[in-house]
Amino acid sequence: MFAKPDLRVTPVKPELVEALRALRVAPGQQTFVGDTGFNLDDAMRDPNSEAMAIVVGATPVGFYRLDFAPTIVARRSIGEAGIGLRAFFLDAGWQGRGLGTRAVQACCEDLQARHPDRHLLALNVDCRNVAAINAYRKAGFVDTGELCLGGSAGPQHLMVRRL
């Protein structure tokens with residue numbers, strides 16, 4: 001049996017930026033994730049956001065964005081101290097190894113440690129992105145049954161996970 005790679009999440013530091021910009025999603029996923037460079041730059045500029053790296057050993061393998069504005073994900077208040085999870089992805093070369101679910105779990109553990117005042121993690125996932133929906137469910141997210149319309153790729157499920 002092979003050992004699981006040492007996976008962790010960390011706020012983006014300057015020394016990680018270029019490696020994160022070089023990451024690419026698998027064909028067909030760009031619609032769901034958006035442009036990595038834009039998401040990275042926008043998260044680093046926005047005082048209500050935090051750019052996060054997914055790292056295996058010393059190698060950045062993915063990215064996500066945390067948003068602290070109360071209406072960013074559901075486009076309305078979700079009624080609790082929540083955080084939005086956006087632009088989550090693993091580089092195409094690192095997909096299919098079970099790292100997605102582990103990365104989401106690491107994200108939740110990180111949030112519990114660094115933001116204990118936040119109690120809910122919320123995200124939108126495109127209705128056609130079955131692999132992501134399954135990974136989020138494995139990581140403890142539940143579908144609220146609410147669809148968010150107006151996404152660039154089409155309708156999205158609103159999913160939440162207690163922290």
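Buried residues are those under 20% relative accessible area, exposed ones are over 50%, and partly exposed ones lie in between (1.4 Å probe, protein chains only). The structure shown is a predicted model, in which local features need pLDDT of at least 70 and side-chain atom pairs count only at pLDDT 80 or more, while totals for chains, interfaces and linings use all residues. Residues are numbered from 1 along each chain as its sequence is written, and side-chain values use heavy atoms, with hydrogens and water left out.

**Figure 1. Overall arrangement of helices and strands.** The secondary structure of the protein comprises five helices and seven strands; helices (H or I, at least four residues) and strands (E, at least two) are DSSP runs, numbered from the N terminus. Along the sequence these elements follow the pattern β-α-α-α-β-β-β-α-β-α-β-β. Of the 163 residues in the protein, 47% are buried. Contact denotes heavy atoms within 4.5 Å. Among contacts between residues at least 6 apart in sequence, 63% join residues at least 24 apart.

**Figure 2. Strand S7 and its two pairings.** Six of the seven residues of S7 are buried, so this strand is largely enclosed by the rest of the structure. Two strands are taken to pair if DSSP finds at least two bridges between them. S5 and S7 run antiparallel and are joined by seven bridges; the bridge partner of leucine 120 in S7 is arginine 162. Strand S6 (residues 142-148) also runs antiparallel to S7, with four bridges between them. Aspartate 143 stands opposite methionine 159 in S7.

**Figure 3. Surroundings of histidine 157.** Histidine 157 belongs to strand S7 (residues 156-162). This histidine counts as buried because its relative accessibility is 19%. The side chain of histidine 157 makes a polar contact of 2.7 Å with the side chain of aspartate 143. A polar contact is a pair of N or O atoms within 3.5 Å; within protein, one must be able to donate a hydrogen and the other to accept it, and residues adjacent in sequence count only if both atoms are side-chain atoms. Leaving aside neighbours within four places in sequence, histidine 157 is in contact with Leu123, Asn124, Val125, Cys127, Ile133, Asp143, Glu146 and Leu147.

**Figure 4. The largest nonpolar core.** A nonpolar core is a set of buried Ala, Val, Leu, Ile, Met, Phe, Trp, Tyr and Cys residues joined through side-chain atoms within 4.5 Å. The largest such core has 29 residues, and those with the most contacts inside it are Ile54, Tyr64, Leu66, Leu85 and Tyr136. At least two residues of this core come from each of strand S1 (7-11), strand S2 (49-56), strand S3 (59-67), strand S4 (82-90), helix H4 (99-114), strand S5 (120-126) and helix H5 (130-138). H4 supplies the largest share, seven residues. Not counting residues up to four places away in sequence, leucine 66 touches Asn48, Ser49, Glu50, Met52, Ile83, Gly84, Leu85, Cys107, Leu111 and Arg114. Another core, of 14 residues, lies apart from the largest one and includes Val25, Ala43, Ala53 and Phe63.

Figure 5. The structure holds zero disulfides, a disulfide being a pair of cysteine sulfur atoms within 2.5 Å. Cysteine 107 is in no disulfide, and the nearest cysteine sulfur, that of cysteine 108, is 5.1 Å away. This separation is too far for a bond. Cysteine 107 is buried, with a relative accessible area of 1%, and cysteine 108 counts as buried at 1% relative accessibility.

Figure 6. Leucine 121, in strand S5, is buried with a relative accessible area of 0%. Leaving aside neighbours within four places in sequence, the contacts of leucine 121 include Ile83, Cys107, Cys108, Phe141 and Met159. Glycine 82 lies in strand S4 and counts as buried at 12% relative accessibility. Not counting residues up to four places away in sequence, glycine 82 touches Arg118 and Leu120. The C-alpha atoms of glycine 82 and leucine 120 are separated by 4.5 Å, although these residues are 38 residues apart along the chain.

**Figure 7. The buried side of helix H3.** The buried residues of helix H3 (residues 36-45) are Thr36, Gly37, Asn39, Leu40 and Ala43. These residues lie on the same side of H3 because they cover an arc of only 165° around the axis. The arc is that of the directions from the helix axis to the C-beta atoms.
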